[in-house]
Amino acid sequence: MSILVIAEHDNASVKGATLNTIAAAKAIGGDIHVLVAGAACGAAAEAAAKADGVSKVIVADNAAYEHQLAENVAALIADLGKDYTHILGCSTSNGKNILPRAAALLDVQAISDIISVESADTFKRPVYAGNVIATVQSSDAIKVITVRGTAFDPVAAEGGSAAVESTDNAQNVGISAFVSEELAKSDRPELTAASIVISGGRGMQNGDNFEMLYKVADKLGAAVGASRAAVDAGFVPNDMQVGQTGKIVAPDLYVAVGISGAIQHLAGMKDSKVIVAINKDEEAPIFQVADYGLVADLFEAVPELDAAL
Amino acid sequence: MKILVAVKRVVDYNVKVRPKSDGTDVDIANAKMSINPFCEIAVEEAVRLKEKGIATEIVAVSLGAKQCQEQIRTAMALGADRGILVETDAELEPLAIAKCLNAIIAKESPELVIMGKQSIDGDNNQTGQMLGALSGMPQGTFASEVSFDDGKVNVIREVDGGLQTVSLNLPAIVTTDLRLNEPRYASLPNIMKAKRKPLDTMTPEELGVDVAPRVQTLKVEPPAERSAGIKVADVAELVDKLRNEAKVI
């Protein structure tokens, strides 16, 4: 078997999710190649070559790939991917944007968001917001898959020494253009990469009150998330949303503040190692999954927590 | 411009879906069915574009069993002008849906296709991207804002860590994220009016699409249960437990 892993990167470095996806590739077994498609992405390719388990890195360094436009990158993946039995990408906004497009170009029914590898053609994936786990088997000659990073322990980022090979395969479809990007600037870690996450829900009452969570987060080196209810209410931006339709996180410690625990939210955080819930409603479903529950008014408990740290 | 909107009939988001005890499928007999929430946002966006004078006609398409007519009627009550049902009892995968939609695009030649980013049953998040590949159209997925400028559509996309703006040639495909808009409720007069709007029915065979599944579901099961832990009395006890028992801070 031969597996092409699509690297998630920012041209300068490889994002952690790539290492989880390589781990899924190792679970399938076979020769693992990593595609780094970008512009001036040599450093990212060098980093990918050091990852454990990779035998070759293919670099497609072209202005057409600089901003990961799906139209161009999917065309590249479909072209290179013909020679592989599996094409794996990360279940990130980028991977979800590109991989299905590549799959359709290859006339393949993609498999989204796998959480385990049962065999080379059989995988488990959550459906219905994580309320059901389906075991699915693909009959397509090429398997195109996105991998939920939190379900696979990452391979070592160092120690490998894969060959780096460049390709001049330039797919500039010319129907889309990058205009601008507005990435939240924060000294806090990224939600999906943080070892501690503290999230607020509707109980926070407004966006200003999230300041309390930011203070605690900064003491713990934590990322700050939110429930869909808090996002829908306009307290915080959508990229903070933890849940089935937002980010899936599995940190060492997850602190849910003023979050009732809707199914939607639980689907995004229930694989966290330790869960703490702070909520004044002792009947809130979040307590059914919490290792440590504190029934209290968050406007008293959070400042106390801040003071105690 | 003509807009095509795809709508999917799914189990209502308030229903907690469980696997059948024999693990062959999910138990959704008699469950309340609704229009997929992301598709509802797609319909709303199309209607707003019509209200702004940008869109001239909205065609709502659904695929599946006869009952999908209900979701098309819902879309028409919200403001779609007419409907198309691709009727089949087969379970459709995203690739098959994209192929059927692509065949409809060939007939209808819309300038914009708006659809939900994912359906809340299969959670695949694939159909819009696949339709982009098959039709050769660019895609603006996970949209939180859509605007038009000089024959192009600008889409602000929700991406990990923030927002990205792309400019797409028309015709284009847009898939909706939650914050694109807040869908309206259909008024009773509009629900009555929707009953008289035209609704065409066709089959995948008539569209020349093979919908045979490529992926087989072998088994469904509930997720691993997480058991409730303990209640702590106060913040001091919580911090103590986290430091000394769980050792996570």
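This is a predicted model: local features need pLDDT of at least 70, side-chain atom pairs count only at pLDDT 80 or more; totals for chains, interfaces and linings use all residues.
Chain A comprises eight helices and 16 strands, and its C-alpha atoms occupy a box of roughly 60 × 40 × 40 Å along the principal axes.

Buried residues account for 49% of the 249 residues in chain B. Among the contacts of chain B between residues at least 6 apart in sequence, 69% link residues at least 24 apart.

Two packed helices are described by the angle between their axes and the distance between the axes. In chain A, helix α3 (residues 70–81) packs against helix α4 (residues 93–105) at an angle of about 50°, with the two axes 8 Å apart. Since angles between 35 and 65 degrees are neither roughly parallel nor roughly perpendicular, α3(A) and α4(A) are therefore oblique to each other, and their crossing is right-handed. On the side of α3(A), the contact is formed by A:A70, A:V73, A:A74, A:A75, A:I77, A:A78 and A:G81, while α4(A) contributes A:N97, A:I98, A:R101, A:A102 and A:L105. Sorted by class, the residues in this contact are nine nonpolar, two polar and one charged. An α-helix has 3.6 residues a turn, so residues three or four places apart point the same way.

Helix α2 (residues 42–49) of chain A contains a set of buried alanines, namely A:A44, A:A45, A:A47, A:A48 and A:A49. The elements covering the buried residues of α2(A) include helix α1 (16–28) together with strands β2 (31–38), β3 (56–61) and β10 (163–167) of chain A.

A further part of chain A involves strands β7 and β8 and the loop that lies between them. Most residues other than glycine have a negative phi, and most peptide bonds are trans. In the loop between β7 (122–127) and β8, however, A:Y128 has a phi near 50°, which is a positive value in a residue other than glycine. A:A129, which lies in the loop between β7 and β8 as well, likewise has a positive phi, near 55°. A:Y128 has 26 other C-beta atoms within 10 Å and is therefore buried; A:A129, with 22 other C-beta atoms within 10 Å, is also buried.

Strand β8 (residues 132–138) of chain A holds A:A134, which counts as buried because 22 C-beta neighbours lie inside 10 Å, where 20 or more are required. Apart from neighbours within four places in sequence, A:A134 is in contact with A:K124, A:R125 and A:V127 of chain A, and with B:T217 and B:V220 of chain B. A:A134 and A:F123 are eleven residues apart along the chain, and their C-alpha atoms are separated by 8.2 Å.

In chain B, B:E40 is located in helix α1 (residues 37–51). With 23 other C-beta atoms within 10 Å, B:E40 is buried. When residues up to four places away in sequence are not counted, B:E40 touches B:I35 and B:P183. B:E40 and B:A172 are 132 residues apart in sequence, and the C-alpha to C-alpha distance between them is 19 Å.

The backbone of chain B also includes a cis peptide bond, which runs from B:L170 to B:P171 and has omega near 0°. B:P171 is placed in the loop between β11 (162–169) and β12 (172–176) of chain B.

Technical notes. Residues are numbered from 1 along each chain as its sequence is written. Chains are lettered from A and ligands numbered from 1 in the order in which they are written. Axes are lines fitted to C-alpha atoms, for helices over the stretch in contact, and angles run from 0 to 180 degrees between N-to-C directions. Helices (H or I, at least four residues) and strands (E, at least two) are DSSP runs, numbered from the N terminus. Angles under 35 degrees count as roughly parallel, over 145 as roughly antiparallel, 65 to 115 as roughly perpendicular and the rest as oblique. A crossing is left-handed if the near helix is turned anticlockwise from the far one by less than a right angle, and right-handed if clockwise. Two residues are in contact if their C-beta atoms, placed from the backbone, lie within 7 Å. Ala, Val, Leu, Ile, Met, Phe, Trp, Tyr, Cys and Pro count as nonpolar, Asp, Glu, Lys and Arg as charged, and the others, Gly among them, as polar. A residue is buried if 20 or more other C-beta atoms lie within 10 Å of its own, exposed if 12 or fewer, and partly exposed in between; C-beta atoms are placed from the backbone.
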